[in-house]
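Here's a quick briefing for anyone opening this structure for the first time. Have a look at the model, then read on.

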Amino acid sequence: MSSDPGYFAKGLEQRHYELCQSIVEQINNRYWIKQAGMQFNLIDVKERYCTLGPTIENEIQHFITHQLKRGTDGKMMYKKERRHKFCNVLLSSFLDNSSCSNNNKNNKNNNNSKNDLLETTSNIYDIWFIDMVGQQSQGQCIDRTSRTIIMGERSTKGYNEPTKRPHDCIAKTAAHELGHALSLNHPQKGMKFDDGRNQILSSASSSSSSSKSKYNNKDNSNSNKNLMSGGSDIKGGGGSYLEQWQCSIAREAAQTFLNKHRY
C-alpha cells in the first residue's frame, strides 16, 4: 500500500508545491528539453498575500478587469502603466509588504520598490500566479531583465467570462512566457536577426505528416505552430515547436544567466 496520506491530508504549501512541480515537468518535457536541450528546475513555492489596503487593491483590480485589454491591433494597451502597477506596486508588496506598501502609498513614482523586485528576482526565473492578468491575456513576461512572469489562474482569452484554466494550458503559456524571458519574441513577418537576415519559421509550412513525426508525435492542428506564436485556449492554444535558431537564442540567454550566477 502507498504511504502517501492523500492529496487533501497534505498541507496547502505541499499541495501547491506538487502542483507547480507537475506544471514544470510539462514545461520541460513537452517544450524545452527535447527541442532545446534545456531544463527548468523548481526551486521554491511560496504563498503571498496582498496588504496594500482596500483603496489600492480596488484600483489595481479595476485596472486589470476593466482597463487592461487588447486594442484593435491585438496588442495589450497601457503597457507602461501595466508594468508599473504589476512590478512597482503589486509584486513589490508581495516581496516586502510593509516597506513597499508604504513607499507606493507615499509616492507611486518611487523606484525603490522596482529595484527591490529586480534585485530579489535577479538570480531566478520568477513566475507569479494571480487571479487574472488582464482581459484577453493569460500570461505576460512583465520584466525581461529580472525574468519576471505573471500568470492568471483565470482567463478571458477565448472566453466570454473569466474561466479557470486547466494545468496543461497553464504549462503551455508558462513555456511561452519563459521563451520571452530567454530573449525570444513573437515570430512575425519582418523580424530580422542582427545581421539583417529574416527570422523564418520554416517548420510552419511543413506538412502535417512531417510535423507528426518531428513534434511530439501528435497529429493535431497545432503541431505545426510555433510555441512563441501564442493563441487562445478555446482554440487549442498556441503551438509547441521551436525553430533551431530560436533554440540557439534561448540557449545563449540561458548560458549567460548561468555564467553570471555561477549555477
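How many nonpolar, polar and charged residues does the lining of the second largest pocket have? That lining has six nonpolar, 16 polar and 12 charged residues, where Ala, Val, Leu, Ile, Met, Phe, Trp, Tyr, Cys and Pro count as nonpolar, Asp, Glu, Lys and Arg as charged, and the others, Gly among them, as polar.

Bear in mind that this is a predicted model, where local features need pLDDT of at least 70, side-chain atom pairs count only at pLDDT 80 or more, and totals for chains, interfaces and linings use all residues. Residues are numbered from 1 along each chain as its sequence is written, and side-chain values use heavy atoms, with hydrogens and water left out.

**The two pockets**

- A pocket here is an open set of points on a 1 Å grid over the protein atoms alone, where a 1.4 Å probe fits, with protein on both sides within 12 Å along at least five of seven lines; lining residues have an atom within 4 Å of a point.
- The second largest pocket has a volume of about 870 Å³, a volume being the space filled by probe spheres set on the points, which are joined across faces, edges and corners.
- Of the 34 residues lining the second largest pocket, R70, H176, E177, H180 and H186 are the closest to its centre.
- Helix 6 (167–181) gives the most to the lining of the second largest pocket, with six residues.
- The largest pocket has a volume of about 1600 Å³.
- It is lined by 43 residues, and L42, D44, Y125, D126 and I127 are the closest to its centre.
- Helix 1 (12–36) supplies the largest share of the lining of the largest pocket, six residues.
- By class, the lining of the largest pocket has 25 nonpolar, nine polar and nine charged residues.

- Three strands form an open sheet in the order 1-3-2, with mixed pairing; helices (H or I, at least four residues) and strands (E, at least two) are DSSP runs, numbered from the N terminus.
- Strand 1 and strand 2 are the edge strands, each pairing on one side only; two strands pair if DSSP finds at least two bridges between them.
- Neighbouring strands of this sheet are turned by 25° against each other on average, direction ignored.
- Strand 1 (residues 126–130) runs parallel to strand 3, and five bridges join them.
- Strand 2 (residues 139–143) runs antiparallel to strand 3, with four bridges between them.
- T148 in strand 3 has D126 opposite, and D143 stands opposite T148 as well.
- I150 in strand 3 is the bridge partner of Q140.
- The hairpin of strand 2 and strand 3 has four residues between the strands, and there R147 takes a positive phi near 55°.

**What surrounds the strands**

- Strand 3 (residues 148–152) is largely enclosed by the rest of the structure, because five of its five residues are buried; buried means under 20% relative accessible area (1.4 Å probe, protein chains only).
- From strand 3, T148, I150 and G152 point one way and I149 and M151 the other way, and all are buried.
- Strand 2 also has five of five residues buried, so it is largely enclosed by the rest of the structure.
- G139 stands opposite M151 in strand 3.
- Helix 3 packs on the sheet, touching strand 1, strand 2 and strand 3; contact means heavy atoms within 4.5 Å.
- Helix 6 packs on the sheet too, touching strand 1, strand 2 and strand 3.

Note on methods: Buried means under 20% relative accessible area, exposed over 50%, partly exposed in between (1.4 Å probe, protein chains only). Axes are lines fitted to C-alpha atoms, for helices over the stretch in contact, and angles run from 0 to 180 degrees between N-to-C directions.
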